[in-house]
Structures are given as structure tokens and as C-alpha cells.
There are 2 protein chains.
Amino acid sequence: MKQAKELLGEYGLRKTKCRLDILDLFLSHQQALAHADIEQVLGDRYDRVTIYRTLYSFKEQGLLHSINDISGAVKFALCQEACSQHQHYDNHIHFSCTQCGQTFCLNEVHIPAMTLPAGYSVHNLHFSAEGICKACNARE
Amino acid sequence: MKQAKELLGEYGLRKTKCRLDILDLFLSHQQALAHADIEQVLGDRYDRVTIYRTLYSFKEQGLLHSINDISGAVKFALCQEACSQHQHYDNHIHFSCTQCGQTFCLNEVHIPAMTLPAGYSVHNLHFSAEGICKACNARE
DNA sequence: GCATAAATGCAACAGTATTGCATTTATGAA
DNA sequence: TTCATAAATGCAATACTGTTGCATTTATGC
């Protein structure tokens with residue numbers, strides 16, 4: 001797995017402690033993280049506003065994509081594909097577990113093609129599934 | 001179109017002024033409404049908390065379904081099919097216009113069938129599209 | 001090492017949503 | 001129609017989510 005430090009370089013982001021720590025969190029977790037999740041871990045070291053702004057920068061540069069989670073809060077996850085500051089290519093679906101509350105990218109499940117009624121111009125598609133995740137099902 | 005009064009009866013909801021007025025709003029608008037939209041119209045007549053609780057009741061009884069809009073706020077729309085308090089059947093997609101900010105149910109566009117990796121149990125699917133709506137495209 | 005632009009911390013604030021409790025109201029039965 | 005009761009409402013307080021402005025600190029390239 002890529003190191004946080006080189007990733008920041010590749011994406012044209014300054015290597016600050018805060019950014020390294022936040023990126024490390026994403027690299028060491030498979031699930032999507034909300035601002036609150038990050039604040040819980042790093043909140044004593046960095047200001048909440050800094051965390052918001054870091055997430056925003058990461059998204060702008062194509063390092064993270066955001067997910068409108070069923071929890072209501074926005075979550076973020078690492079982009080798998082070659083996203084840049086110009087365009088995101090996150091055409092996979094997201095799964096939210098109603099039991100553990102975690103959200104995952106199902107990178108192997110692509111969003112199916114859609115035909116909308118005439119008159120609509122589509123710029124983005126969001127597809128999410130809700131249910132019980134692998135880990136919770138296995139735990140039964 | 002059905003009247004608000006009889007709809008409340010059918011869904012086992014008490015016929016209060018607040019509920020009638022809120023339901024009338026939904027019956028007279030095609031787009032999904034957020035709490036803020038309703039408060040703007042009825043906020044001087046009813047408390048914001050009452051509006052929240054009314055929306056929650058309507059959803060519980062299967063009269064409305066909620067949409068996690070791109071605006072961040074939750075929006076609500078009338079259920080077309082025979083939803084009940086036990087199960088929602090809103091398997092259509094939602095369209096959010098980035099220009100006018102409105103969200104619509106595309107009842108005629110059904111969510112395509114999906115196969116998820118083994119281990120996941122799916123209870124609900126959410127599919128939304130983002131772009132320019134019919135009306136905004138026509139206005140150009 | 002130094003100048004500079006970027007990032008951070010802090011304070012204040014706005015919007016969204018929830019909870020508890022007292023009061024009012026819709027409803028069905030007498 | 002009256003009445004008892006459970007449900008709905010209003011109000012106050014609070015929590016959560018997210019944003020903005022500005023002064024200070026820091027990473028970066030020269």
C-alpha cells in the first residue's frame with residue numbers, strides 16, 4: 001500500500017502533520033470515515049475546522065470522494081481509480097450497514113447504465129445499498 | 001387527486017390542521033420538500049418541531065419516503081405505490097437539479113436489479129442522479 | 001536561511017435535528 | 001353530546017453538522 005507521504009506529493013498537497021495523520025487513518029481503514037470519526041481520533045491534536053478543510057482539500061485534489069451516507073453525515077473514502085482535481089471516476093456503489101453503521105465502497109460493483117426521460121442532463125450518479133454487511137452477517 | 005383528509009384516514013393518521021396543511025403542500029407540489037421548505041410556508045402557524053414530527057409520522061406510516069438529497073438536508077416525497085408502515089416500495093430513482101436545487105421522483109425509472117458480492121444482505125437500494133432538470137434545460 | 005503562500009487554530013455563527021415536558025386536541029365510547 | 005384518554009402540539013433547551021473571517025504558524029522553493 002502506498003505511504004501517506006508519497007500520496008500527498010503525487011496529489012500536489014503539502015505534507016503537514018495533520019494531513020499525514022488523516023490520510024493514515026484512511027489508509028488503515030477499509031470503511032468510509034465521517035468527520036466525526038476522524039475528530040474522535042485526532043480531535044485533541046487538530047482543530048475540527050482544520051479537519052473539515054483537510055477533507056475538502058483531499059476531495060478537491062481527487063484523493064477522496066464523498067458519500068452522502070444514510071446516517072445523514074457525509075462520509076469520505078479513498079478514490080481507487082485515477083481521480084484528479086478535474087474529474088472523479090468513482091462509479092462504484094456504496095454499502096451502508098444498518099447494524100454496525102459502517103459504509104464501504106464496493107469497488108467491484110459498478111453503477112449500471114441508466115436511461116432517463118428526455119430533457120434531463122445527468123452529470124453524476126449515486127447508487128447505494130443498505131443492509132447487513134459481510135462482517136455483521138458472519139458475526140451472527 | 002386524493003384529498004388530504006381521506007389520505008390521512010387511510011393511513012391511520014389523526015386529522016389535525018397541521019397534518020392537513022403539510023399533506024396539502026405535498027399534494028400540490030411535484031418536487032420533494034425539505035423541512036426548511038415547509039417551515040418557510042407554514043412556520044408561522046406551526047412549530048418547527050411539530051413539522052419534524054409530522055414528517056416522521058408520515059414516513060412511518062408509508063405516506064412519504066425520505067431522500068438524502070445532495071443539498072445535505074433530507075427531503076420527503078409522496079409514495080406512489082402501496083407503501084405501509086411495514087415496508088416501503090419506493091424502487092424508483094431520484095433526480096436532483098444542480099441549478100434550481102429541486103429534487104424529483106422519477107417514478108417511471110426503476111432501479112435496476114443488482115448482484116452484490118456474497119455475504120451482504122440488501123434491504124434497501126437508493127439510486128439518485130444529479131444534473132439539470134427538464135424545466136431548467138427548457139429555460140435555456 | 002529567508003520570503004511567501006498555504007495551512008492551522010480560534011472564535012463566532014448558521015443550519016439541521018432531537019429530547020423532555022406541560023398543554024391542547026382529536027377520537028371513540030358512554 | 002359529553003367525557004376520558006391517548007395522541008399531537010408548543011416551547012425550551014440542547015446536540016450535531018458545517019461554514020466563515022482573521023490572526024498566527026508552517027511547509028516549500030529559491
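This is a predicted model: local features need pLDDT of at least 70, side-chain atom pairs count only at pLDDT 80 or more; totals for chains, interfaces and linings use all residues.
I began in strand 5 of chain B, where B:Cys105 turned out to be the bridge partner of B:His94.

Strand 4 (residues 92-97) and strand 5 (residues 103-110) of chain B pair in the antiparallel sense, and I have 5 bridges down for them. Their hairpin leaves 5 residues between the strands.

How many strands form it, and in what order? I get 6 strands in an open sheet, running 5(A)-4(A)-6(A)-6(B)-4(B)-5(B), with mixed pairing. Strand 5 (103-110) of chain A and strand 5 of chain B stand at the edges; each has a single partner strand, so one side of each has no neighbour in the sheet. From one strand to the next the twist averages 30°.

On to where the chains meet in that order. Strand 6 of chain A and strand 6 of chain B, residues 121-132 in both, pair in the antiparallel sense over 11 bridges. I picked out two spots along this pairing. A:Asn124 has B:Glu130 as its bridge partner in strand 6 of chain B, and A:Leu125 stands opposite B:Ala129 in that strand.

Now the contact between the chains as a whole. I find 29 residues of chain B in contact with 30 residues of chain A. On the chain B side, strand 5, strand 6 and helix 5 (134-139) each supply at least two residues. Which element gives the most to that side? Strand 6 of chain B does, with 12 residues. I also sorted the chain B side by class and got 16 nonpolar, 10 polar and 3 charged residues.

Last stop, the DNA. I find 23 residues surrounding DNA strand D. The closest are A:Lys15, B:Thr16, B:Cys18, B:Tyr46 and B:Thr50. Which elements give two or more residues to this surface? From chain A I have helix 3 (35-42) and helix 4 (48-60), and from chain B helix 2 (17-27) and helix 4 (48-60). Helix 4 of chain B gives the most, with 5 residues. By class, the surface near DNA strand D comes out as 9 nonpolar, 7 polar and 7 charged residues.

How values were computed:
Residues are numbered from 1 along each chain as its sequence is written. Chains are lettered from A and ligands numbered from 1 in the order in which they are written. Two strands pair if DSSP finds at least two bridges between them. Helices (H or I, at least four residues) and strands (E, at least two) are DSSP runs, numbered from the N terminus. Axes are lines fitted to C-alpha atoms, for helices over the stretch in contact, and angles run from 0 to 180 degrees between N-to-C directions. Two residues are in contact if their C-beta atoms, placed from the backbone, lie within 7 Å. Ala, Val, Leu, Ile, Met, Phe, Trp, Tyr, Cys and Pro count as nonpolar, Asp, Glu, Lys and Arg as charged, and the others, Gly among them, as polar. A residue is near a molecule or strand if its C-beta atom, placed from the backbone, lies within 6 Å of it.
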